Structure formats: C-alpha cells, structure tokens
Amino acid sequence: MTDTPATPARQSLRDWLQAPTASSPRQARAQAFWRGWQRLIANRAALAGLIVLVLLVAMAVIGPYLTPYSPLQQDLTARLQPPSAQHWLGTDDLGRDILTRILYGARITLMMALLVAAIAGPIGLAVGATAGYLGGWFDIVAMRLVDVFLSFPSLILALAFVAALGPGIENAVIAISLSAWPPIARLARAEALTVRKSDYIAAARLQGASSMRLILKHVMPICLPSVVVRVTLNMAGIILTAAGLGFLGLGAQPPSPEWGAMLASGRQFMLTSWWLAATPGAAIMLVSLAFNLLGDGLRDVLDPRND
Amino acid sequence: MTDPLLDVRNLRVAYPSAHGYSDALRGISFTLGREKLGIVGESGSGKSTAGRAIMRLLPPKARVSADALRLSDVDLLTASEAQMRDIRGGRVAMILQDPRYALNPLKTVGAQIMESYRIHTRAGRAEARDRTLAMLEDVHIRDPRRVVDLYPHELSGGMGQRVMIAMMLIASPELVIADEPTSALDVTVRGQILEILNERVEAQGAGLILISHDLPLVSDFCDRVLVMYGGQVMEELAARDLSQATHPYTVSLHASLPPLDHAVDELIVPEYDPSWLTEIRK
Amino acid sequence: MSAPSLEIADLSIAFGHGRARVQAVDRASFSVAPGDAFGIIGESGSGKSTILRAVTGLLDDYEGGVLIDGQMAPRPRARAFFKTVQMVFQDPYGSLHPRRMIRATLMEPLEIYRLDRRDDRIAQVLVDVGLAPEYAYRYPHQLSGGQRQRVAVARALLLEPRILLLDEPTSALDVSVQAGVLNVLNALRRARGLTYVMVSHDLRVIAHMCSRIAVMTQGRIVEEMSVEDLRAQRAQEQYTRTLIAASRAAVTAE
C-alpha cells in the first residue's frame with residue numbers, strides 16, 4: 001500500500017468524476033451533473049448570474065446578523081441621512097437604516113420568488129405534460145383555461161386576485177402563482193407534444209408502462225429542462241410583479257421592508273433623497289438581471305440539442 | 001492526359017473539441033481527372049468532410065490545411081469568398097443525400113433551377129426557362145412543363161433527386177460531388193438516379209466524386225475507389241479490382257455484407273487494427 | 001401441428017378520412033410458425049412497418065385479426081401481451097430515452113412486472129447482447145449506434161418474450177456494425193427459440209435472417225416465398241422480380 005503515491009482526496013474525486021466510464025449509477029449521475037456544471041461555469045454570464053444569486057442568498061441568510069440596526073426600529077433624529085460610514089446606504093424618512101432593510105427585504109423577495117416557483121413550476125409542468133401527452137378532452141379543457149389566464153396581463157391578473165383575497169405577502173404569492181403557471185403549462189405541453197410520438201415513448205408503452213408512469217417518468221423529464229429555464233427567466237418577472245404589488249400597497253404591508261414597498265415610500269423623496277428609491281430599485285434590477293443571466297446559461301446547459 | 005481537374009495533397013481537417021482539436025481528416029491525397037471517383041467509408045471515416053473541404057463548406061471553426069488543394073487553375077485554399085461563391089454551384093456542384101432538405105420548400109422547382117442557372121451565367125429569364133425545361137428533360141422527367149411549377153413537397157424522393165441533379169448540373173460544372181445521393185431513395189429508383197447522374201456527367205465531360213457507405217454500389221458505378229477509415233485513405237484501387245482488395249479493412253468491409261446468393265451461418269464482423277489509425281507517412 | 005406463433009388475418013389499416021384517406025395496409029395475411037423467422041420486405045410507404053405497429057397495439061385502429069398462438073390478441077393490448085411480444089425499433093437514436101441512464105431504461109419493465117434479481121437480470125441481458133454490464137451506467141449519448149441498438153434488443157428481451165418484432169433494426173447502422181447486431185439477433189433466436197418477424201427494405205438482410213419472406217408494395221402482400229426461392233430468383237410477381245433485380249444490380253451488373 002505504501003508504494004502508491006498519496007493523492008489528495010480532491011484529486012481523486014476529480015478523477016472519479018472524469019473517468020471515461022462510470023462503474024456505478026451514483027458515479028454516472030455525478031458525472032452527468034459534473035459535465036453540466038462544467039458547461040454552466042464555462043458560460044461567463046451565467047456564472048456571473050449564479051455568483052450574484054449565491055451572494056444574495058448568503059446575504060439574506062446571514063446579513064441580518066451583521067448589521068447593528070433593526071429593520072423596523074425608527075430613529076426620527078436620523079431621518080433621510082445620505083450614505084455615510086454609519087449608514088452605508090443612508091436612512092429613510094423614519095430614520096431606518098436602508099442597508100438593513102434591503103438585507104431583510106432580500107429574505108422576503110427571495111422567499112416570495114421561490115414560493116411562486118415552487119407552486120407555479122410543478123403545476124404548470126404537470127398540467128402541460130399531461131395535456132400534451134394525453135391530448136383529447138383533457139388537453140382542450142386545460143388549454144382553454146390557460147388561454148383565459150393568458151388573456152390578461154399577469155400584473156393585472158395578480159392585482160385582481162389580491163383585490164379579491166386581500167393584501168398581504170401570502171396572498172401576493174398565491175396571486176402571482178396563479179398568473180405564473182399558464183405560460184409554463186403551455187411550454188411543457190409543446191415539449192410533450194414533440195415527444196409523445198417518439199419511439200422511446202412507444203417502447204416504454206410496449207414494456208407495459210401506464211399513462212401515469214409515462215407522464216411522470218418519461219414525458220416530464222423531457223419537459224423539465226425548458227420549464228426550469230423558463231421559471232428561472234420568469235423569476236425576474238415574478239420579482240418585478242411582487243415588487244409591483246408591494247409598490248401599489250397590495251403586497252407586503254408597511255412597515256415590512258419589502259423592496260417594492262420601500263420603492264413606493266421612497267418615491268415621495270426622490271428629488272431630495274434619491275437613495276431611498278434608488279437602492280431598492282437597484283436591488284430589484286440586480287436580482288432580475290442575475291436570474292436572467294442564469295436562465296440564459298441554463299438554457300445552453302440543459303437543452304439536449306446542445307449535447 | 002492533361003493536368004488533373006482536382007489535386008488534393010495531404011489534406012487535413014481538425015475540429016475543435018473538448019480537449020483541443022480532434023482530427024477528422026489526417027492527410028489524404030488524391031487527384032481527379034474527368035472520371036468517376038468513389039470515396040467509401042463508414043460513418044466517422046471523414047468521407048463527407050473531404051467533400052465539404054473541397055467546397056470550403058466546413059464550419060469556420062474547423063482547421064483546414066493541405067500541401068495542395070487545387071481545382072485546375074484555382075487554389076481552393078487561398079481563394080477569396082467571392083471566388084468561392086463563383087466556384088460553388090458554378091464550377092463545382094454538390095448533390096446531397098436528401099432532396100427534401102436541400103431544396104427550398106417555399107419556391108417552385110422551376111424557380112430554383114432557373115435561379116441557380118442565372119446566378120452563374122447572366123442569362124435572361126426566357127433563356128433560363130428554356131434551359132430549365134431542357135435540363136429537366138435531360139434528367140428524364142417526363143412532363144417538364146408540369147414539374148417546373150411544383151413545390152418540393154409535391155415530389156417523390158426519386159423525382160426530387162432528379163430535380164437536384166438538374167439544378168446542380170445546369171451551370172455545367174467541371175466537378176460534381178455527390179454525397180450519398182441515393183441513400184434516402186428506394187432501391188428500385190436508385191439505379192435510375194445513378195444512371196441519370198452518369199449520363200449527365202459524361203455528356204458534360206465533368207469529373208465526379210461519389211461519396212458513399214455502399215461498397216458494392218461504388219465499385220459498380222465508379223472508375224476508381226478510395227477506401228477511407230479514421231480520416232485516412234486505407235487503399236486506393238480501380239473499382240473493378242475491389243473484389244481483389246488487399247487492405248484488411250476493405251476486405252472485412254466487403255465480407256461483413258450479408259451475401260445474397262448463399263446462406264452463411266454467421267456474418268464476419270470486421271476487427272479493427274489499431275495500427276490503421278497511426279498515421280501513414282509518405 | 002401446433003398453432004402458429006403469430007398469425008395476421010386480413011389485416012387492414014387506413015389513415016385519414018374522406019379524400020385524404022390512405023389505405024396503408026390492405027388485407028394482409030400471413031402466419032409464422034414457432035421458432036421461425038419471417039421477413040417482410042418492401043420500399044418506403046409499402047405499409048410494412050405499419051403491420052408491426054398494429055401487432056403491438058401501438059396502432060389500435062385496424063381491421064382484421066392479430067392472433068398469438070391461435071388466440072385473438074386483446075384490444076387494447078393487456079399487459080400480459082407484452083410478455084409474449086416485444087419489438088425493436090428502427091432508429092437506435094430515437095428509441096432510447098435521452099435523459100435516462102441505460103440502467104433506468106432496462107429497470108423499467110422489471111419494475112412494472114415486479115420481477116426479482118433486477119441487477120442480475122440487467123447484467124445478464126447486456127452480456128447476452130454482447131455488451132459489458134458496465135454499459136448499464138451510461139447515458140444513450142455515450143453509446144454508438146450499434147451499442148444503442150444492442151441496448152434496445154436487451155430491453156426487448158428482459159421480459160423474455162417468445163415473439164420479437166424487428167423494425168429495420170440495422171438500417172441506421174454501418175454494415176460492419178450491422179453484421180455484429182445481426183449475429184447477436186441470430187444467436188439469440190437459436191438459443192431461446194424465439195420467433196422473429198423482421199421488416200426491412202434490404203434484401204440482403206432479409207435473406208440472411210429469414211426463412212420465409214413476404215413482399216409488400218402499396219399496402220399489399222403481393223408474394224410470399226421461401227428464402228431459397230428468393231436466392232434463386234424464382235419470383236412469380238413482376239414487382240418482386242424488379243425488386244430483386246434492383247437489389248442485385250450493384251453486385252452482378254458489370
């Protein structure tokens with residue numbers, strides 16, 4: 001044993017991942033993941049988007065422990081202060097530290113975006129894949145429903161739902177999800193239509209696979225990549241809608257540090273204290289951009305036509 | 001015999017891959033006069049790359065080099081893109097496997113043939129139309145006046161390939177490269193198409209390169225055959241000598257075909273000698 | 001005399017309605033004895049592959065009878081049917097799910113039919129088709145065309161069917177690769193006593209694989225003959241003669 005040179009664990013992991021042939025299912029899956037990862041980080045823009053998002057998540061998780069201020073604690077003696085060493089991004093009209101509020105707001109924004117993705121993605125995927133594969137009356141009913149939803153601009157639709165459900169973050173999430181799943185369903189259906197006649201679906205049918213199994217294990221994995229890409233690209237829109245609802249006073253309610261609500265309240269002071277509106281605005285822009293870049297990169301990685 | 005029509009010496013093509021460049025052609029050489037040359041090989045042998053390299057139709061990322069790549073008086077390696085446009089379709093024509101993908105689905109057959117004629121000859125509309133009709137007749141289309149106004153999807157496979165031949169040969173090219181021209185066709189129309197191709201090429205005195213995976217077909221149709229494997233020419237021989245081929249690759253390729261005349265228990269599966277992949281130095 | 005393994009009786013299949021109606025298969029009949037290899041040769045659009053799809057039930061809208069061991073095949077096909085009849089598709093690039101590991105593809109029938117010793121069975125069937133068991137841990141894009149087609153054969157064999165339908169199994173492959181796949185198919189048939197129905201446009205392949213051959217054109221079986229008659233060019237119908245002549249042209253004409 002002693003004559004084998006000691007290889008660092010990291011090196012051998014790399015070898016394991018890059019071995020020309022896999023010798024276990026785990027290794028095969030890890031290798032497939034590794035190759036996708038290599039392609040993703042080879043794409044500079046996608047990498048940049050990913051880094052921004054990772055930083056943002058890290059900030060949302062640990063940021064609040066780093067700042068001495070509370071997002072809600074008012075200090076009327078320190079109103080509308082410009083950025084300084086004490087308040088890096090200044091204070092708002094009630095003397096609250098804006099950086100602190102942005103950090104706490106990141107939690108709200110990310111939580112909303114992820115919740116919407118977690119609700120709308122699977123619903124859209126399930127409805128679309130099922131409709132595309134089964135066809136017939138299920139397809140007709142599901143797609144007419146989608147048409148109805150798509151005939152309204154999503155913000156207007158979300159507004160209508162929130163108006164009916166009442167303002168608040170939970171209701172905003174439900175409202176945005178309701179307006180976000182139909183385009184995903186339509187996309188998934190288009191993908192499902194292209195594969196339903198393929199030989200590998202026919203082959204699986206000859207193995208006795210039920211429709212349920214075919215949809216879950218064969219059609220959905222084919223639709224999944226484009227749905228993931230679409231949801232990632234939609235994240236920007238979801239965040240903007242969430243911010244828009246907050247801005248209109250229908251999402252998060254004051255004094256919650258939601259970015260859209262912050263933007264709305266900063267609007268009154270735009271001419272005198274620009275940082276009130278610019279900071280949440282920039283945060284929204286940065287996150288939307290990061291999601292878009294990542295989505296573009298994912299499209300290149302996940303699209304099987306690029307293999 | 002005068003100067004060769006096409007002179008290819010040590011042609012190499014490499015494509016970028018995950019680990020640097022990977023070779024598709026590793027130094028092939030041949031000359032072509034006014035004759036029919038077959039290039040035979042299996043998928044990945046580089047046979048199609050060779051055809052495309054002559055037309056300079058490889059993707060821009062491909063790295064191409066050669067000691068010589070000449071079409072009579074033109075150096076194809078250094079020719080400008082404008083010169084190449086003149087050569088493609090004008091002096092060198094290419095016929096592809098499937099006419100359904102090679103013809104524009106939105107234009108009538110006649111319009112496409114006329115266009116390819118007028119690009120290379122500056123002929124007027126009336127003359128182009130006459131030539132088109134004559135050309136369709138030359139490829140044995142019975143009713144050219146009707147076919148001229150058809151769209152590609154209205155043609156059968158064999159008819160489509162005749163139209164392709166008419167379109168490619170109307171500008172009287174000196175060299176025709178046919179890349180698997182009959183692979184997409186039914187066996188009963190294959191013979192007719194090859195017959196027509198042969199007739200036209202001979203009538204116009206052009207050279208022909210037939211690229212195919214089908215050993216019997218090539219040996220039957222061509223004068224000379226290059227057998228390719230792994231981006232190199234394994235063997236060059238007169239077509240009628242194919243049954244007496246000496247290179248083990250050619251022999252085993254021939255032997256792996258199921259025979260029609262007698263039954264065999266087991267087919268011979270070619271075994272590849274890694275030494276074939278080492279580069280042949282001259 | 002036992003019942004034929006597979007019998008097709010007056011099978012008719014039409015696509016489309018009204019003016020666009022196309023009779024893809026027109027009253028086709030044949031029967032295949034157990035352990036026999038039956039070939040259907042025809043050109044594109046002759047309806048030969050359509051017959052196979054009707055036998056499997058992938059195409060359910062047919063008239064006439066499909067009989068397995070003398071019994072009418074249930075419509076729609078019951079699960080048990082697929083333990084008797086399996087099919088290998090033409091295009092090895094399209095018949096394997098691009099995102100599933102070979103192991104997952106091969107595991108599927110074993111899960112559906114709740115069979116035991118799953119990993120052993122997968123390893124064994126891969127060896128049977130001439131692949132190392134480690135191929136189970138690859139994805140389709142890591143395999144060549146010939147290897148993919150072997151995997152497709154392996155998948156069809158996992159349920160240990162008695163009848164295997166082969167839809168141009170080697171037309172997408174190089175001849176050297178084709179030789180290997182055909183050898184595997186022949187060896188399997190002998191070892192397991194399988195009944196084959198093979199569809200092809202390639203006379204050489206059909207002659208090598210099958211003992212009886214049906215010639216199809218425009219949806220109809222115009223002639224059924226033995227392979228000996230085919231090799232000796234003893235054809236009754238003009239179309240068969242043309243087909244044989246065209247297929248031989250490249251070999252004999254000088």
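The following questions and answers explain how terms are applied to this predicted model.

Residues are numbered from 1 along each chain as its sequence is written, and chains are lettered from A, with ligands numbered from 1, in the order in which they are written. In this predicted model local features need pLDDT of at least 70, side-chain atom pairs count only at pLDDT 80 or more, and totals for chains, interfaces and linings use all residues, while side-chain values use heavy atoms, with hydrogens and water left out.

Q: What makes chain C and chain A count as being in contact?
A: Contact means heavy atoms within 4.5 Å. By that rule, 32 residues of chain C are in contact with 29 residues of chain A. Of the two pairs of chains that touch, A and C have the most contacts.

Q: What is the area buried between chain C and chain A?
A: Buried area is the accessible area (1.4 Å probe) that two parts lose on being put together, summed over both. For chain C and chain A this comes to about 2600 Å², with carbon and sulfur atoms giving 56%. C:His97, C:Arg99 and C:Tyr137 supply 23% of the area that chain C buries against chain A, more than any other three residues.

Q: Why is the pairing of A:Lys217 with C:Glu111 called a salt bridge?
A: A salt bridge requires a side-chain nitrogen of Lys or Arg within 4 Å of a carboxyl oxygen of Asp or Glu. The closest N and O atoms of A:Lys217 and C:Glu111 are 3.8 Å apart, so the pair meets the 4 Å limit. The rule finds four salt bridges across the interface of chain C and chain A.

Q: Which order do the strands of the open sheet in chain B have, and why do β7 and β11 stand at the edges?
A: The six strands run β7-β8-β9-β3-β10-β11, with mixed pairing. β7 (92-95) and β11 (232-238) of chain B each have a single partner strand, so one side of each is left without a neighbour in the sheet.

Notes: Two strands pair if DSSP finds at least two bridges between them. Helices (H or I, at least four residues) and strands (E, at least two) are DSSP runs, numbered from the N terminus.
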